[in-house]
Amino acid sequence: MLDQRELNLLLVKVGAVHRRRSTYEFMKCNLTAGQPRMINYLFEHNGCIQREIAADCHMEPASVTSVLNSMEKSGLVEKRPVKGDKRALEVWLTDKGLEKKKVIDRIFISMADECFQGFSEEEKQLAGDFLTRIFRNMIDGEQQEWRT
């Protein structure tokens with residue numbers, strides 16, 4: 001049976017390998033760190049403001065600004081002023097950004113297939129449930145820490 005230290009080490013290893021492998025695949029498609037996550041978010045919330053992206057992607061607003069600026073230069077997004085608020089900008093995926101969404105989906109599907117090779121559908125569902133609970137625990141702990 002795995003102890004707490006071994007479980008933690010496994011989480012770190014899986015996260016590191018997944019991040020390294022996905023980063024490599026995204027780099028081959030001219031996507032940098034943070035861009036796939038933002039494209040996925042914008043696909044579901046096109047026209048949102050940067051603050052919403054930062055909150056959902058669990059990123060600092062300054063980091064979101066930096067990533068979005070590079071995405072705008074690459075033609076993946078465009079920013080438009082919010083009517084009635086000169087300081088706020090809506091962020092919209094361009095056609096090029098929508099095409100990159102398809103590439104991102106293919107990469108994530110391929111990675112999930114690799115990660116869960118040999119797993120039954122029931123085991124995949126359980127793994128997803130466990131990972132969701134782990135994520136929520138980590139976010140709750142992070143928010144608790146910020147309050148103190």
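Trainee: What should I know about the model before we start?
Mentor: Residues are numbered from 1 along each chain as its sequence is written, and side-chain values use heavy atoms, with hydrogens and water left out. In this predicted model, local features need pLDDT of at least 70 and side-chain atom pairs count only at pLDDT 80 or more, while totals for chains, interfaces and linings use all residues.

Trainee: At what angle do α2 and α4 pack?
Mentor: Helices (H or I, at least four residues) and strands (E, at least two) are DSSP runs numbered from the N terminus. Axes are lines fitted to C-alpha atoms, for helices over the stretch in contact, and angles run from 0 to 180 degrees between N-to-C directions. Helix α2 covers residues 35-44 and helix α4 residues 61-73, with axes 10 Å apart, and the angle is about 85°.

Trainee: Which residues of α4 does α2 meet?
Mentor: Contact means heavy atoms within 4.5 Å. From α2 come Q35, M38 and I39, and on the α4 side they meet V64, V67, L68, S70 and M71.

Trainee: In what order do the strands of the open sheet lie?
Mentor: Two strands pair if DSSP finds at least two bridges between them. The sheet has 3 strands with antiparallel pairing, in the order β1-β3-β2.

Trainee: Which strands are at the edges?
Mentor: An edge strand here pairs on one side only.

Trainee: How many bridges join β2 to β3?
Mentor: Strand β3 spans residues 85-93 and runs antiparallel to β2. The number joining β2 to β3 is 6.

Trainee: How many disulfides are there?
Mentor: A disulfide is a covalent bond between the sulfur atoms of two cysteines. Here the test is a pair of cysteine sulfur atoms within 2.5 Å. By this rule the count is 0.

Trainee: How far is the nearest cysteine sulfur from that of C48?
Mentor: C48 is in no disulfide, and its nearest cysteine sulfur belongs to C57. The distance is 8.5 Å.

Trainee: Is C48 buried or exposed?
Mentor: Buried means under 20% relative accessible area, exposed over 50% and partly exposed in between (1.4 Å probe, protein chains only). C48 has 6% relative accessibility, so C48 counts as buried.

Trainee: And is A62 buried or exposed?
Mentor: A62 lies in helix α4. Its relative accessibility is 59%, so A62 counts as exposed.
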